[in-house]
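Biologist: Could you take me through the place where the two chains touch, one step at a time? I am new to this, so please go slowly.

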Amino acid sequence: MFWDTAGYTIIVIGVLFDLLGCIGLVRLPDVYNRLQAATKCVTLGTAFLLFGLFLINGFGALGIKALVCAAAVLITSPTGAHALARGSHRGGVKLWEGSVIDKYAEENEGVD
Amino acid sequence: MKFIGEFIILFGVWLLLTWSLAPAQLIAGVVISLLVIGLVGDMFLFKAGRALNPIRIFWMIMYIPYLIWYIILANLDVAYRVIHPDLPIRPGIVKVKTSLTTDMAKTFLANSITLTPGTLTVDIKGDELYIHWIYVHGNNVKDWSKAIIGRFEPILRRIFE
């Protein structure tokens, strides 16, 4: 009973973080800022969802799978974001006009 | 030695995912582990002497709650910026210098940076990391390095170097 309550609470928190991440995707101005929302809020939200599932199901086929998936999401999501950001920059996607600095463009002009 | 280490890790993950000790599952697990090692085993950076050192394992276990704490702070920070009506962001790409040398340590550093407050690794060149920061402050490489990677470097050095 206790673990059910704890699990559902964590799932609700996870869904809230996912929702905030999605609001961020809509509101933030450019690719890079949107990736920030996608890698932080959505990764943690999804990890929380899976962890809540583990708390409800305990050490069984489903619970352990959820834990392994949470670990995989935490490792692969930042790697994917890194690849997307680098690809966008090399592909010529500009930073939002309110950005204050772009060291990467300054130091790598004409290199590729 | 490298082969045995890889096999134990892959077969362990297989056991966790199937969560069953039926002979058919075990045989399939062995076959698939060997297949994966045959295909991509060379890419795996495994040094048994380092990975099994208890001091490194201890710091690795200490690192997990430390990182989770910063991930939660990062989420509250980004969530606050997202729901604030004025959208208080000041984004830009900055450069930081790391003193870590091994590839594994740099990979972990880059992933940790991406998961923590307002920072996203864009590229690594040698010991320089280019990082997209949602709220830039400070104005030279030293300030940025201290603010972004200062909290991770000491502990990652203990784990990987």
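Modeller: Happy to! Keep in mind that this is a predicted model. You can find the spot by looking for A:Asp102, which stands opposite B:Ile93 in E1(B).

Now step back to the whole contact. Chain A brings 36 residues to it and chain B brings 32 residues. On the side of chain A that touches chain B, two or more residues come from each of these elements: helix H1 (2–27), helix H2 (31–57), helix H3 (61–90), strand E1 (101–102) and helix H4 (103–107). H3(A) gives the largest share of that side, with 12 residues. Sorted by class, the side of chain A that touches chain B holds 20 nonpolar, 10 polar and 6 charged residues.

Next, look at a pair of helices. Two packed helices are described by the angle between their axes and the distance between the axes. H2(A) packs against helix H4 of chain B, residues 54–83, at an angle of about 125°, and their axes are 9 Å apart. H2(A) is therefore oblique to H4(B). The crossing of H2(A) past H4(B) is left-handed. From H2(A), the residues that meet H4(B) are A:Gln36, A:Ala37, A:Lys40, A:Cys41 and A:Leu44. Their partners in H4(B) are B:Ile71, B:Ala74, B:Asn75, B:Val78, B:Ala79 and B:Val82. Within this contact of H2(A) with H4(B), 8 residues are nonpolar, 2 are polar and 1 is charged.

Technical notes
Residues are numbered from 1 along each chain as its sequence is written. Chains are lettered from A and ligands numbered from 1 in the order in which they are written. This is a predicted model: local features need pLDDT of at least 70, side-chain atom pairs count only at pLDDT 80 or more; totals for chains, interfaces and linings use all residues. Two residues are in contact if their C-beta atoms, placed from the backbone, lie within 7 Å. Helices (H or I, at least four residues) and strands (E, at least two) are DSSP runs, numbered from the N terminus. Ala, Val, Leu, Ile, Met, Phe, Trp, Tyr, Cys and Pro count as nonpolar, Asp, Glu, Lys and Arg as charged, and the others, Gly among them, as polar. Two strands pair if DSSP finds at least two bridges between them. Axes are lines fitted to C-alpha atoms, for helices over the stretch in contact, and angles run from 0 to 180 degrees between N-to-C directions. Angles under 35 degrees count as roughly parallel, over 145 as roughly antiparallel, 65 to 115 as roughly perpendicular and the rest as oblique. A crossing is left-handed if the near helix is turned anticlockwise from the far one by less than a right angle, and right-handed if clockwise.
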